[in-house]
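Have the sequence and the 3D view open as you read.

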Amino acid sequence: YGKTYNETVLHLREETASESTFKDVIGHSQTHGSEKYAVTSGLSKEGKEVVCCRLTEENEIFEDLVLRARNIGKVEKESYLNQYYSDCGISRSDQEQYHRMVERVDEGLAGFSWSEWSKAKGCRN
């Protein structure tokens, strides 16, 4: 796992006699302050759409990570993904037309079928 991981886990185990590897940690939050900084790409609206259209597999993986995250509430997930969709030029009607179910999401949130959307836009075969 690496020196830092091993030292931390082994030290904790020695102090607590626990075999935990932090898999079920609840109520812990860690930030490094990066959420304060706005990121701007410099791409035009059309440029963003092209990038999103070409990166369908990566977008689905990212979306799945957000939807499955346990440390982000439903409202925050919806807000974040709606901004993401908007940046990619995906309309509300696109979201409804190209929705997909994501395994292990208990909050009633559906994913977006990036591959079907990109095929319809002519980005992929």
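1. **The overall layout.** Please keep in mind that this is a predicted model. The protein contains six helices and two strands. Reading from the N terminus, the order of the elements is α-α-α-α-α-β-β-α. The chain has 125 residues, and 26% of them count as buried. If you take the contacts between residues at least 6 apart in sequence, 55% of these join residues at least 24 apart.

2. **Helices H3 and H4.** The axes of H3 and H4 come within 10 Å, with a crossing angle of roughly 165 degrees. Angles over 145 degrees count as roughly antiparallel, so H3 is roughly antiparallel to H4. The crossing itself is right-handed. On the H3 side the contact uses Asn59, Phe62, Glu63, Val66, Leu67 and Arg68, while H4 brings Lys77, Tyr80, Leu81, Tyr84 and Tyr85. By type, the residues of this contact are seven nonpolar, one polar and three charged.

3. **Helices H2 and H6.** How do the axes of H2 and H6 cross? Helix H2 covers residues 45–54 and helix H6 residues 114–121; their axes come within 9 Å and cross at roughly 120 degrees. From H2, the residues in contact are Glu49, Cys52 and Cys53; from H6, they are Trp114, Trp117, Ser118 and Lys121. Four of the residues in this contact are nonpolar, one is polar and two are charged.

4. **The buried side of H2.** Which residues of H2 are buried? They are Gly47, Glu49, Cys52 and Cys53. H3 and H6 are among the parts that cover these buried residues.

5. **The aromatic rings.** Across the whole structure, a search finds nine aromatic pairs. One of them joins Phe62 and Tyr80: the ring centres are 6.0 Å apart and the planes stand at 55 degrees, so this pair is tilted. Since Phe62 belongs to helix H3 (residues 56–68) and Tyr80 to helix H4 (residues 74–87), the pair ties together parts that are 18 residues apart in sequence. Phe62 is partly exposed, its relative accessible area being 29%. Tyr80, at 45% relative accessibility, also counts as partly exposed.

6. **A second ring pair.** Now look at Tyr98 and Phe112. Their ring centres lie 6.3 Å apart and the planes are at 85 degrees, so the pair is edge-to-face. Tyr98 sits in the loop between helix H5 (92–97) and strand E1 (99–100), and Phe112 in strand E2 (residues 111–112), so this pair ties together parts 14 residues apart in sequence. Both Tyr98 and Phe112 are buried. Ring pairs also link Phe62, Tyr80, Tyr84, Tyr85, Tyr98, Phe112, Trp114 and Trp117 into a cluster.

7. **Glu63, a charged residue inside.** Apart from neighbours within four places in sequence, Glu63 is in contact with Leu81, Tyr85, Arg100, Gly111, Phe112 and Trp114.

8. **Val102 in the loop.** Val102 is found in the loop between E1 and E2. With a relative accessible area of 7%, Val102 is buried. Neighbours within four places in sequence aside, Val102 is in contact with Asp64, Leu67, Arg68 and Gly111. The C-alpha atoms of Val102 and Phe112 are separated by 9.0 Å, and these residues are ten apart along the chain.

9. **Ser86, to finish.** Ser86 has its place in helix H4. Ser86 is partly exposed, with 45% relative accessible area. How far apart are the C-alpha atoms of Ser86 and Lys45? They are separated by 9.7 Å, although the two residues are 41 apart along the chain.

Conventions
Residues are numbered from 1 along each chain as its sequence is written. This is a predicted model: local features need pLDDT of at least 70, side-chain atom pairs count only at pLDDT 80 or more; totals for chains, interfaces and linings use all residues. Side-chain values use heavy atoms; hydrogens and water are left out. Rings of Phe, Tyr and Trp (its six-membered ring) pair if their centres lie within 6.5 Å; planes under 30 degrees apart count as stacked, over 60 as edge-to-face and the rest as tilted. Helices (H or I, at least four residues) and strands (E, at least two) are DSSP runs, numbered from the N terminus. Buried means under 20% relative accessible area, exposed over 50%, partly exposed in between (1.4 Å probe, protein chains only). Axes are lines fitted to C-alpha atoms, for helices over the stretch in contact, and angles run from 0 to 180 degrees between N-to-C directions. Contact means heavy atoms within 4.5 Å. Ala, Val, Leu, Ile, Met, Phe, Trp, Tyr, Cys and Pro count as nonpolar, Asp, Glu, Lys and Arg as charged, and the others, Gly among them, as polar. Angles under 35 degrees count as roughly parallel, over 145 as roughly antiparallel, 65 to 115 as roughly perpendicular and the rest as oblique. A crossing is left-handed if the near helix is turned anticlockwise from the far one by less than a right angle, and right-handed if clockwise.
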